[in-house]
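Student: Could we go through this protein together and look at the spaces inside it?
Tutor: Gladly! Here it is.

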Amino acid sequence: MSHDKRTTDRQTPEGGTRVRDRIFKTARELFYRQGIRAVGVDDITSGAGTNKMSFYRSFSSKDELVAQCLRAQEGEYWTWWDEVIAPHAGNPRAQIEAIFDASARKARDVERCGCAISNAAVELRDDAHPGHAVIHEHKMEKRRRLRELAAAAGARDADALGDALMLLLEGSAATRLTFSDCETAPLCNALAGARALLDAQLAPPRAARRG
């Protein structure tokens, strides 16, 4: 029985699509566990069971691969975000609280090495690195979304509240790297902190005292 050559190529160990996917998956795992700077092309190709020739057929450079890994991480993050807030449509305060609650659970159960994009921000200081733009866009979009939710919730100063929420969200996630016992880590109190900020910004202003 004859076979389509393109299908056969995809099924072989060195088939283009399959090799590229292995390289990509291996790189994401290594970058996350060991750090971007600590992982070289040799480490990636060895882990993917391929060679440098296949690597450079799939990606123009390690830097470009890093940027693509960050793009994938960003896409997954916004999908997660949208799924978290969807059950609370029309209730921006509940959406904010849901984000903090889900973030703590994700940091505890999934992101054991911290946030991949925040980790990359520490390593990629050069503005010319293609991954730097991905990180910047991601953080700006997170800031925009939090400010937007703060405004929708009726905050007296939506921009200030959105920024405070972002600082709390980012900082609490970072503590996952230094507190091995997640049940007592600061990130577990992030939701309470977010509620305190919301209460302060959304509470009706006190009536001015009469002299």
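Student: Which residues line the second largest cavity?
Tutor: Keep in mind that this is a predicted model. The second largest cavity holds about 40 Å³ of space. Its lining is made up of Gln-73, Tyr-77, Lys-106, Glu-111, Cys-115, Ile-117 and His-138.

Student: How do the residues of that lining divide into nonpolar, polar and charged?
Tutor: Let's sort them by type. Tyr, Cys and Ile count as nonpolar, while Glu and Lys count as charged. For the lining of the second largest cavity, the division is 3 nonpolar, 2 polar and 2 charged.

Student: What is the volume of the largest cavity?
Tutor: The count comes to 2 cavities of 30 Å³ or more. Among the 17 residues lining the largest cavity, those closest to its centre are Ser-103, Lys-106, Glu-111, Leu-169 and Ala-173. The volume of this largest cavity is about 190 Å³.

Student: Which helix gives the most to the lining of the largest cavity?
Tutor: Helix H6 (92-109), helix H8 (130-152) and helix H9 (158-174) are the elements that each give two or more residues to this lining. The top contribution is 5 residues, and it comes from H6.

Student: What percentage of the residues in the protein chain is buried?
Tutor: Buried means under 20% relative accessible area. Of the 211 residues in the protein chain, the buried share is 39%.

Conventions
Residues are numbered from 1 along each chain as its sequence is written. This is a predicted model: local features need pLDDT of at least 70, side-chain atom pairs count only at pLDDT 80 or more; totals for chains, interfaces and linings use all residues. Side-chain values use heavy atoms; hydrogens and water are left out. Buried means under 20% relative accessible area, exposed over 50%, partly exposed in between (1.4 Å probe, protein chains only). On a 1 Å grid over the protein atoms alone, a cavity is a set of points where a 1.4 Å probe fits but cannot get out, and a pocket is an open set with protein on both sides within 12 Å along at least five of seven lines; lining residues have an atom within 4 Å of a point. Grid points are joined across faces, edges and corners, and a volume is the space filled by probe spheres set on the points. Helices (H or I, at least four residues) and strands (E, at least two) are DSSP runs, numbered from the N terminus.
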